[in-house]
Structure formats: structure tokens, C-alpha cells
Amino acid sequence: MTKTVTIIGGCGHVGIPLGLTLAECTQNVYLLDVNQKAVDTINAGKLPFLEEDADAILIKAIGKNLNATTDPKVLLKSHVVVFVTGTPVDEHHNPRVHDVLKVIQFYQEYLNPKQLIVLRSTVYPGVNEIIHNLLSKKMGSCKLAFCPERILQGKGIEEIYQLPQIVSGSSEEAENEASDLFGLIAPKILKLKPIEAEIAKLMTNTWRYLEFAIANQFYMMTESQGLDFYKIYGALKEDYPRAKHFAKPGLAAGPCLFKDTMQLSAFHKNNFFMGQSAMLVNEGLPVFLADQLEKKMDGLKNKKVAILGMTFKANNDDIRESLAFKLKKVLEMKMADVICSDEFLGNTTPLNQALETAEGFILGVPHEKYLSLKINRPFVDCWGVWK
């Protein structure tokens, strides 16, 4: 049966891959968003950011069974409503649950108990129960499901089709309807209770954050002693299968890893010491990189320093929570004249100009274009590509 699915927040990094895959599977999809510019861009057959394999699907579906809109009245004719609103953390690293509830409350006048309501982004453990209670009081009953996304930025469509989908529901009916919907696009359905699914989502991102933290800790530990981290790293990995997935150091950022780790810490009453330590390590790496370059250049005051790569992920235009901007602030505090360059961002210094004028370099993220560069001035590269 073809269903009408409306994705609230649908013009963002989580909503668009889901909307496109459902449209490709012949569902009628509305991408509902408050961002008029993004809505207009999508309705013109263009994407507001890079997403692999998305252009062809968008051109084929837009104006037919896929439309972007700012009009919440499309919810009235929807069988399924998907919220992709994530849960941010505040300045004390506590989850801002009320931000999610405000979005639900804003749209609840357009919802009805026959619809399947799906939460797609990270929520703090227990929030599904709170939202179910909120909507049930308003509507008399509610079919609520939590089906977390676990996709990589820029590869969302590919991974939606490849990764198992975790599904949980407030009732057997909600769970079954959600399983039927995601069964159209996912190779396998994994059923959990809502609280289990909420924690599974947080643990997925936290585990990844800790992987980067141990790599970053080892990098800082060895390099601060004058040792060559990548010489050691290469030796310990070579022909040693148990180190096959040993992560490389790098600026560990993005919209999920940090905040999901802090939410898991809050859930464990701030006794998640490994998570807190990972945060200190990963957030400390920009300072360490600036210190490394400062030593190599015998001070940074009034010297031109280029950061190559400002996004949080290679070969992508996503700058959300990128630690390259924290690195920029650290360098500016050392009174360096900072040049930001990124081929995926139009408002930064062109690469050739940065290469001509900078006296020192830090590799912010290893975009493909940077891999073959031969830097003949002082540089810092925690990614290990300029050796």
C-alpha cells in the first residue's frame, strides 16, 4: 500500500536521505521544513548539501511523489509523520529535552491517533515515553515508534539501503507498522523496546567517539615525547588482525558524537568516566595541534597559518560542530593570522592562495584534494597523509 509520509525537518541531513529512499520506493513523501530557502532549493530539483546518489532520485521524484513544503497542513493527509528533531545538550552538557517537546507540541494540532508517529533522531532515554504520554493526553491514544538513523553524512542513501534498521514501538501495532514502513528500504529489521532503542542509538555514537579518543590520546602521548606516532601505528597494525579497526587520530566532531556521549553520561548520572575522558581528549586535540605548530614555527604571533579543511568530515560540505573552528580560535589566541581554506566551502580562501601565502599549515580534514600536496613549510598533520 502506498502511504503518504511527512518528514518534519525533512530538508536536513537526516530527512532528505530518508525522504528520497521512501520516494524511490513509491511512497508519497512531503519534506516539511521551516527553512524556506532549503524548501525552494529542493523543489527546484537541487540539494542544499552534498549527498551521494541523491541527485538522480531527486530529479526523478520531485513534483511527483516527493515535495518540499513549509505548510504543516500536509500533516492532515499523512498516514505517517516522522520527526527528525535531535536532542541538543546545554552549556552544562545536559540534554535539552524540552527543545524536542516544543517541536512536537508545535505540530500536535495537525496529528491524529490513526497516524503512525516516528521519532528518527537521537532522544534522551525515556523521552519516547514522555512524548507518548503527551500525545495520548492530547489525542486520546497514540501510535509512536522510535526508529533511529545510524547513517554517515553524505552516504545516507547508501547506508539506509545497507544497514539493519532498529525499530521500537509504544505498542505492537506501532512496532509492526514501523517495521512495514522501514522494511521497504532496510535489509533487516531489529526490534527493541523503546528504552533499549534509545540507548542503542546513544551507544552507537559514543562507541565511535571513544574509538577516536583513544587514537587521539595515543597520538598526543607519542608526539609530545618526540616520537613518530604513525611509525608506531603502522607497525602495530601490519598483519595484525586484532588491530584491523584501530581508528586514526583526527578532529572528532560532527553533530552527534559529542552530544550523544554527553547524553549517555547524563543518563548514567555523570558517572560515565570513559565518556567524559573521551570528551576531554577529543576537545583537547585542537589545542595540541596548535601547540605543535607553534613549536615548529618558533611562535605564531603575526605569522600566517593556514587550516586546510574546515568541515568535520572529509570530502563533504558539512561544518556542523567542526573542531576546525575551535582550532581557528586557538590559533587566533596565539595571535596568528589564520587563513581558512576548504574546497567545499565557497566563503573560504582558495587553496592556491593559501598555499602561496601561508607560512605554516595544519590539516583540518583530509579532503581528497589535499592528499597529494607536498608542503615545504612547517606543518602539522595528525591524519598522517603528508608524510
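Colleague: Is Lys 201 buried or exposed, and what is its relative accessible area?

Modeller: This is a predicted model, in which local features need pLDDT of at least 70 and side-chain atom pairs count only at pLDDT 80 or more, while totals for chains, interfaces and linings use all residues. Residues are numbered from 1 along each chain as its sequence is written, and side-chain values use heavy atoms, with hydrogens and water left out.

Lys 201 is buried, with a relative accessible area of 2%. Buried means under 20%, exposed means over 50%, and partly exposed lies in between, using a 1.4 Å probe and protein chains only. Lys 201 sits in helix α8, a helix here being a DSSP run of H or I with at least four residues, numbered from the N terminus. Apart from neighbours within four places in sequence, Lys 201 is in contact (heavy atoms within 4.5 Å) with Thr 122, Phe 146, Pro 148, Glu 149 and Asp 260.

Phe 218 also belongs to α8, which covers residues 194-223. Phe 218 is partly exposed, with a relative accessible area of 30%. Together with Ile 214 and Met 221, Phe 218 forms a nonpolar patch on the surface, and the three have about 250 Å² of accessible area together. That area comes from the Shrake-Rupley method with a 1.4 Å probe, counting only the protein chains shown as cover. A patch is built from residues with over 30% relative accessible area and no salt bridge, joining like charges within 9 Å and nonpolar side chains (Val, Leu, Ile, Met, Phe, Trp, Tyr) within 5 Å. A salt bridge is a side-chain nitrogen of Lys or Arg within 4 Å of a carboxyl oxygen of Asp or Glu.

Note on methods:
Helices (H or I, at least four residues) and strands (E, at least two) are DSSP runs, numbered from the N terminus.
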